Amino acid sequence: MTEPLRLTELDRRSSGLRRVAHGYAASGKLSRLVYRGFVVAGELIAALPRDAVHALRRGPTSPPRIETGTEPKADATSIALYVHYSTTGRVSAMVLDQLGFLRQSGFAIVFISMAARIPEADWQAVRQVCALLVQRENFGRDFGAWHDLIPEVRRRWPSLTELMLVNDSVLGPIHPLGPVLDALRTGGAGLFGLTESVQGGAHLQSYMLLARGGSAAADLMAFVQSVYVSHSKWLLVQLGEVRLARWMRRRGHRVAALFGYDRLIAAALSDPGERVRLTASHAKLRDLDRLSPAQATELLHAWPLNPTHHLWHVLATRFGYPFLKTELILRNPGRIPDVADWINLVPPDSPCPLAELQAHLATMASG
C-alpha cells in the first residue's frame, strides 16, 4: 500500500451522453454495446409484468423466517444491514468472517438472506454474531432486501446514528477492514462508500455504504424505502445506486468515497505496469500510452471504467483495498486480462485466507 486512506468528494460534473451508456464496462465495441442494449430491453420487458404481479400480491405478511440473534443489542446506535444469497443456502466461512469483522467494529448486524433454504447449522452460526436474522423471498436484490427491513430497523433501533448497507458480492477482506471502516468514520456526518464510479454519473457503488449522523441515516432509510423495487437489476442500479448520491447531496449531506475515481486513475496512469493493463483492457484505451496525463485522464472520464473491475489491480496493490469483486473473479464480464493473477495478490496474513476465499467461490460457482 502506497496511497493513504482518504475520503474525496464525488465528481460533480454532468454525466454526459457517453457516460449514460452505462454498459461501457461490458461492451467497448459497437456490436457488444448494441447487444447489451437488447439484453437490458429484454430484462425490462420480462421484469415489469412480474413487478406488477408482485406489487398486487404484497401484503403485511412477515418474511418466512425472522429470528433474534444471540446479541439483540436493543440499545445499538450503529446498524449494518447485510444481504446474503447463495443457491445452495450455505453461509460460507468468508461470509461469517465478514460479519465478525463488522461486529468487531461496533455494528449490530441484521443478516438478510434471500436463499430458499439455509442449513440449520449455518443459521445457528450466523445467530452467534448477529442481532437479527431474516430469510426473505428472492426479489428485488439488495435494494429490495434493504427496503423491506427498514421498518423493522426503525422499530427496533429508533436512535441509530450509523447505518451501513452491505452485501456479500465481494471477496475478502484480503487486507485489514478495520482501518478502512475507521477512515470512513473520519468524514463526520454524511454518506460514504468505498469506490466511486462515474458510469452513468458519479455515484457510490452500493456493496458497502455508510450513513453517519442521525439525519443522514434517516434520509438514507427514506431513500431506500422510496426506491421502486424490481426484478430488473439494471432498473435497480439506475433508480437505486446511481440516483442515491444526488438525492443525498440535494438534502445537504456530504457524499464522499474512500477510493475516488480520479485518485485511482491518477495512480494507474503514473505506474507503467498499470498503464499496460489499462491499454490491454479495452479497445478504447489501446492508444493510452501515446497520450499526455491530461489527455489520458480526459479519455478515462469520457469512457469511464468500472473501478472494481478495470482498476482492481491498482486498488489491491496501491491502495490496500480490502476486497475483490466476486463477479470479476467468477465471470469477468469485461474480459479484463490477468484477472487469474488475483490469487497472487492475497497476502499470507490475509484476514480471510486464500483457501477460505476459494471455498466461497466454489460455493458460488456450484450454483
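**Salt bridges, strands and core**

Tutor: Let us begin with one side chain in this predicted model: Arg127 is buried, because its relative accessible area is 18% and the cut-off for buried is under 20%.

Student: Okay, and what does Arg127 form a salt bridge with?

Tutor: Its partner is Glu67, and the closest N and O atoms of the two are 3.1 Å apart. Glu67 sits in strand E2 (residues 65-68) while Arg127 sits in helix H4 (residues 120-127), so this pair ties together parts that are 60 residues apart in sequence.

Student: Is Glu67 buried or partly exposed?

Tutor: Glu67 counts as partly exposed, with a relative accessibility of 23%.

Student: Which residues are linked with Glu67 and Arg127 in a network?

Tutor: The network of salt bridges links Arg65, Glu67, Glu120 and Arg127.

Student: How many salt bridges are there in the whole structure?

Tutor: A search of the whole structure finds 17.

Student: Which residue does Arg103 pair with?

Tutor: Arg103 forms a salt bridge with Glu71, and here the closest N and O atoms are 2.6 Å apart. Since Arg103 belongs to helix H3 (residues 93-104) and Glu71 to the loop between E2 and strand E3 (78-84), the pair ties together parts that are 32 residues apart in sequence. As for accessibility, Arg103 counts as partly exposed at 30%, and Glu71 counts as partly exposed at 27%.

Student: And where do Arg156 and Glu152 lie?

Tutor: Both of them lie in helix H5 (residues 141-156), where they are four residues apart, about one turn of the helix. Arg156 counts as partly exposed at 26% relative accessibility, whereas Glu152 counts as buried at 17%.

Student: Are Cys130 and Cys352 buried or exposed?

Tutor: Cys130 is buried, with a relative accessible area of 1%, and Cys352 is buried too, with a relative accessible area of 0%.

Student: Let's do strands. How many residues of strand E11 are buried?

Tutor: Strand E11, which covers residues 255-259, is mostly covered, as five of its five residues are buried.

Student: Which way do E1 and E11 run, parallel or antiparallel?

Tutor: Strand E1 (residues 8-9) and E11 run antiparallel, and two bridges join them. On the E11 side, Ala257 is the bridge partner of Thr8.

Student: What about E8 and E11, parallel or antiparallel?

Tutor: Strand E8 (residues 190-197) and E11 run parallel, joined by four bridges. For Thr195, the bridge partner in E11 is Phe259.

Student: Last one, the nonpolar core. How many residues does the largest one have?

Tutor: The largest nonpolar core has 113 residues, and those with the most contacts inside it are Ile79, Leu81, Leu102, Leu163 and Leu194.

Student: And what is Leu163 in contact with?

Tutor: If we leave aside its neighbours within four places in sequence, Leu163 is in contact with Ile79, Leu81, Ile150, Leu209, Leu210, Ala211, Ala217, Leu220 and Met221.

How values were computed: Residues are numbered from 1 along each chain as its sequence is written. This is a predicted model: local features need pLDDT of at least 70, side-chain atom pairs count only at pLDDT 80 or more; totals for chains, interfaces and linings use all residues. Side-chain values use heavy atoms; hydrogens and water are left out. Buried means under 20% relative accessible area, exposed over 50%, partly exposed in between (1.4 Å probe, protein chains only). Two strands pair if DSSP finds at least two bridges between them. A salt bridge is a side-chain nitrogen of Lys or Arg within 4 Å of a carboxyl oxygen of Asp or Glu. A nonpolar core is a set of buried Ala, Val, Leu, Ile, Met, Phe, Trp, Tyr and Cys residues joined through side-chain atoms within 4.5 Å. Contact means heavy atoms within 4.5 Å.
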